[in-house]
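This report walks through a structure with two chains, element by element. Please have the sequence and the model at hand while reading.

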Amino acid sequence: MFDLQLDHVSKRYLIQYSSHSRSPRWPEFTSLYKKPKEMWALRDVSFEVAEGESFGIVGHNGAGKTTILKLLSRISAPTSGEIRIRGRLSALVEVSSGFHPELTGRENIFLNGSMLGMSRSEIARKVESIVEFASVQEFIDVPVKRYSSGMYVRLGFSIAAHLDPDILLLDEVLAVGDIVFQAKCLDLINQLRAAGRTIVLISHDVGAIQRLCDRAMLLHHGRVITIGTPTDVIDRYQRMALDGEDGYHVERDAGQKSASCLHISFAAADQEEPVRTGYPMFARLRFRASEVLENVVFNVLIYWPSGYVCAQLTTALADPLLRIEPGSGEVEFCCPVLEIQPGLYRVDISIESNGNCIDRQQRCALLRVDPGKVVFGDFYIDAVWRIHG
Amino acid sequence: MEPLPPAGTDGSESLKVRDRSSAAKERHSARAIAPSLVDREHPLLGSRIAVPRSVSVIRPPSFSLRTIVSGMTTLFGYRDLLCTLTFFRLAIRYKQSLLGWIWAALQPLSLMIIYTFIFSRVARVTSEGIPYPLFVFSGLLPWIFFASAVSNAINGLIHYPALLTKMYFPREIIPLSYVLAALVDFAIACVILTGLMMYYRVPLSWNALYALPIVATLSAFTVAISMFLSSIQVRFRDVGVGLPLLLQVGVFAAPVVYPLSAVPSRFQRLYLLNPVASLIENFRRVVLHGSGPDVGVLITSGSISLCCLVLAYGYFKATEATMADMI
């Protein structure tokens, strides 16, 4: 039994451009007479989500993820095709944007709750729980214009969380609130999954898709590329990201610097094999120097998709520090056990000498890690075990 | 493990316990078969009533009878929102103001004084034997209702773009809530009208009850205009700029400050095709003169209003789906 069905859905946006030709000091009369340009945000998208299933949608910026969310939550309508929804659907979006600043927290709960489709009696029943979940007990009868931004967002999220929908849409909403609140939200999502609710998760974060979803779909420029298990879809997504980006040659302004990074590559022990969690990895950094450099440090910084630093390979611990001669060379880092989880990582490389940065290439390469030894968590910790007694 | 029956009770207690646990088991297995019909308990969300889910279909927007019917069904489901929103509109309007609700009465009263001065003292307009202040006040009430509802409603949708781009509810609720709020103001002003009638010793007859269908028709027409214009306003902001001007002139296209008899009789039929004009004239007739309404004229304006309402609602629903893209 499907809960959600998209049948050849397309969405076209008409975009009104202002002309660039005239000087900005003379604003044009109006741009409304110009013929708008067409932009297809979705092209012939069909998929089904079964009841109780968690379905993930991945894709790059502009792939059409947000458009799907807007169509499903009825904010916008498709240009062609049909969408069938069984039961109550709600999206955990920025509900607080519907708050009226002059109304108190309690009044806003009633206003926004009914905007989301709850009846008055239903809200009256849940209001205490909403207030408690958002932890705004003392301020509930104060106009929300006096709220801190955190309280504002928490209250909004809390209302949406109490909707108790049959189908829940999530669009990278977990970025709201502090850590305690985020934990509450994740807990809620897990409870909803356990209760058999259908979930559609839209995210860049392949880790979240892998953890939370039963099936996933890859979108690219508004078209469905593939639908399948999260592992397959993420694999395809990452391979698409790698296309044309694998290995990055840096040849620009090599002459002006005393040294520069040329190339970084990652490989498993066997050249034919992909890099896998829990197995050896070799990182080779090629460089060129135009003079003798003392106290040299090579760094390879590895970033999560979210942009945070995940790990570093460095020669900073060498004693004495390295010394390089003019000409080109290669540093090889050998990791006996690769501890990071499968995923696609961005990489920075840099050369320092005497504490000064000589050359730095930011986000210049991709490191793709394939599933190897499967564990939960962010890292694989290599361990041996022994049983006593 | 089945709990043992406590000593001193007969078997019924343990039977109950067993019943409950087997019911839980049944529920568990039923969940696998037809989960949507099972009462699912959730610690945070509370228990929910098992209702078969209905399938809703989202199609490209179109101007059709089906759109209108399904729109009305959805609107009915959101009736609580309409009430809440109207209530808060009224509550917010006079928040942080010293005079508060007195403003609802002060607005028509001040206009009454100004118009009385201009049209009765300076221009000497006749008023069918009724004291001019009362005459103009009875015309101003429905006019202010119409004008303030429309001018507030058209800006309602564009006032909070986040509402349109972040969440869905039937958009017509926003213009509707402004019309309803204006209707409440109208009711308050009607109390003052009754006070004025007592002051000027103008008797109130049973015919005044005809005001109810008259006001209902006027409301229908006001809703139609509000929905039509607010939908256009989302696309072309010209409406918001041009409307105040139009309304300032519009007051003279209805028998507000002058009696219907001042209109040359050969233009009267054309003049009364405007529902606002004919409804104001009939409102004054049944309330102040205590005579019956002009049924023929009422039926005409009723049909015009109804047609406008259906067309405007259809248009609104057809354009609603792309409002979030256009705003």
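A:Leu6 stands opposite A:Phe47 in strand 2 of chain A. A:Leu6 also stands opposite A:Ile83, which belongs to strand 4 of chain A. Strands here are DSSP runs of E with at least two residues, helices are runs of H or I with at least four residues, and both are numbered from the N terminus.

Strand 1 (residues 2–15) and strand 2 (residues 37–50) of chain A run antiparallel and are joined by 10 bridges. Strand 1 of chain A also pairs with strand 4 of chain A, again in the antiparallel sense, over 5 bridges. Two strands count as paired if DSSP finds at least two bridges between them.

## Basis of the model

The model is predicted: local features need pLDDT of at least 70, side-chain atom pairs count only at pLDDT 80 or more, and totals for chains, interfaces and linings use all residues. Residues are numbered from 1 along each chain as its sequence is written, while chains are lettered from A and ligands numbered from 1 in the order in which they are written.

## The two chains

Chain A has 389 residues, of which 38% count as buried. A residue is buried if 20 or more other C-beta atoms lie within 10 Å of its own, exposed if 12 or fewer do, and partly exposed in between, with C-beta atoms placed from the backbone. The secondary structure of chain A comes to 7 helices and 17 strands. Of the contacts in chain A with a separation of 6 or more, 71% are between residues 24 or more positions apart. A contact means that the C-beta atoms of two residues, placed from the backbone, lie within 7 Å.

Chain B has 12 helices and 1 strand. Along the sequence, the pattern of chain B is α-β-α-α-α-α-α-α-α-α-α-α-α. Of the 327 residues of chain B, 35% count as buried. Residues 24 or more positions apart make up 76% of the contacts in chain B with a separation of 6 or more.

## Where chain A meets chain B

The contact takes 44 residues from chain A and 36 residues from chain B. On chain A, at least two residues each come from helix 1 (65–72), strand 4 (80–86), helix 2 (105–115), helix 3 (120–134) and helix 5 (179–194). Strand 4 of chain A gives the most to this side, with 6 residues. By class, the side of chain A that touches chain B has 16 nonpolar, 16 polar and 12 charged residues. Ala, Val, Leu, Ile, Met, Phe, Trp, Tyr, Cys and Pro count as nonpolar, Asp, Glu, Lys and Arg as charged, and the others, Gly among them, as polar.

## Helices of chain A

Helix 1 of chain A is largely enclosed by the rest of the structure, because 6 of its 8 residues are buried. These buried residues are A:Lys65, A:Thr67, A:Ile68, A:Lys70, A:Leu71 and A:Leu72. A:Arg74, which follows helix 1 of chain A, has a positive phi near 70°.

Helix 3 of chain A packs against helix 4 (residues 149–161) of chain A at an angle of about 135°, with the axes 8 Å apart. Helix 3 of chain A is therefore oblique to helix 4 of chain A. In helix 3 of chain A, A:Ile130, A:Phe133 and A:Ala134 meet A:Arg154, A:Leu155, A:Ser158, A:Ile159 and A:Ala161 of helix 4 of chain A. The residues of this contact divide into 6 nonpolar, 1 polar and 1 charged.Axes are lines fitted to C-alpha atoms, for helices over the stretch in contact, and angles run from 0 to 180 degrees between N-to-C directions. Angles under 35 degrees count as roughly parallel, over 145 as roughly antiparallel, 65 to 115 as roughly perpendicular and the rest as oblique.

## An open sheet and a buried residue

In chain A, 3 strands form an open sheet in the order 10-11-15, with antiparallel pairing. Strand 10 (259–267) and strand 15 (327–335) of chain A are the edge strands, each pairing on one side only. Strand 11 (residues 281–289) and strand 15 of chain A pair over 9 bridges. Within this pairing, A:Arg286 stands opposite A:Glu330.

A:Ile324 lies in strand 14 (residues 322–324) of chain A. A:Ile324 counts as buried because 21 other C-beta atoms lie within 10 Å. Leaving out residues up to four places away in sequence, A:Ile324 touches A:Ala259, A:Ala289, A:Leu293, A:Val296 and A:Gly329. A:Ile324 and A:Ala289 are 35 residues apart in sequence and 7.5 Å apart in space, C-alpha to C-alpha.
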